[in-house]
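Here are a few exercises to work through with the model open beside you. Take them one at a time, and try each before reading its solution.

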Amino acid sequence: MDYKILSTNCRYYPGPTAMDRSMPTLAVLVAGDIDDYAVYIGHSTDPSFVAQFGDKISFEEAKTQFPGIEKEHYRP
């Protein structure tokens with residue numbers, strides 16, 4: 001799969017124990033072939049891994065990670 005990573009956003013969310021905060025949640029904004037893009041999310045610090053194996057999220061979720069994205073360019 002060919003992809004171009006445009007941006008990343010790493011967040012740490014609280015869990016039931018203090019150790020749970022150490023697992024990063026990485027969102028990766030990936031460019032498509034037809035002037036579109038999508039956001040994939042996963043528990044990793046490796047953007048390439050998340051872009052390839054992460055879960056694609058909805059536009060509404062992606063907007064919270066990357067506020068500047070536009071719906072008309074988001075891959076359904």
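Rings of Phe, Tyr and Trp (its six-membered ring) pair if their centres lie within 6.5 Å; planes under 30 degrees apart count as stacked, over 60 as edge-to-face and the rest as tilted. The model is predicted, so local features need pLDDT of at least 70 and side-chain atom pairs 80 or more, while totals for chains, interfaces and linings use all residues. Residues are numbered from 1 along each chain as its sequence is written, and side-chain values use heavy atoms, without hydrogens and water.

**Exercise 1.** Find which residues form one aromatic cluster.

*Solution.* Start with the count: the rule gives three aromatic pairs. One of them is Phe 49 with Phe 53, tilted, at 5.2 Å centre to centre and 45 degrees between the planes. Both lie in helix 1 (residues 47–53), four residues apart; helices are DSSP runs of H or I, at least four residues, and strands are runs of E, at least two, numbered from the N terminus. Next, Phe 59 and Tyr 74 pair edge-to-face, at 5.7 Å and 65 degrees. Phe 59 is in helix 2 (residues 59–65) and Tyr 74 in the segment after it, so this pair ties together parts 15 residues apart in sequence. The cluster is Tyr 37, Phe 59 and Tyr 74.

**Exercise 2.** Decide whether Phe 59 and Tyr 74 are buried or exposed.

*Solution.* Buried means under 20% relative accessible area, exposed over 50%, partly exposed in between (1.4 Å probe, protein chains only). Phe 59 and Tyr 74 are both buried. Phe 49, at 43%, counts as partly exposed, and Phe 53, at 55%, as exposed.
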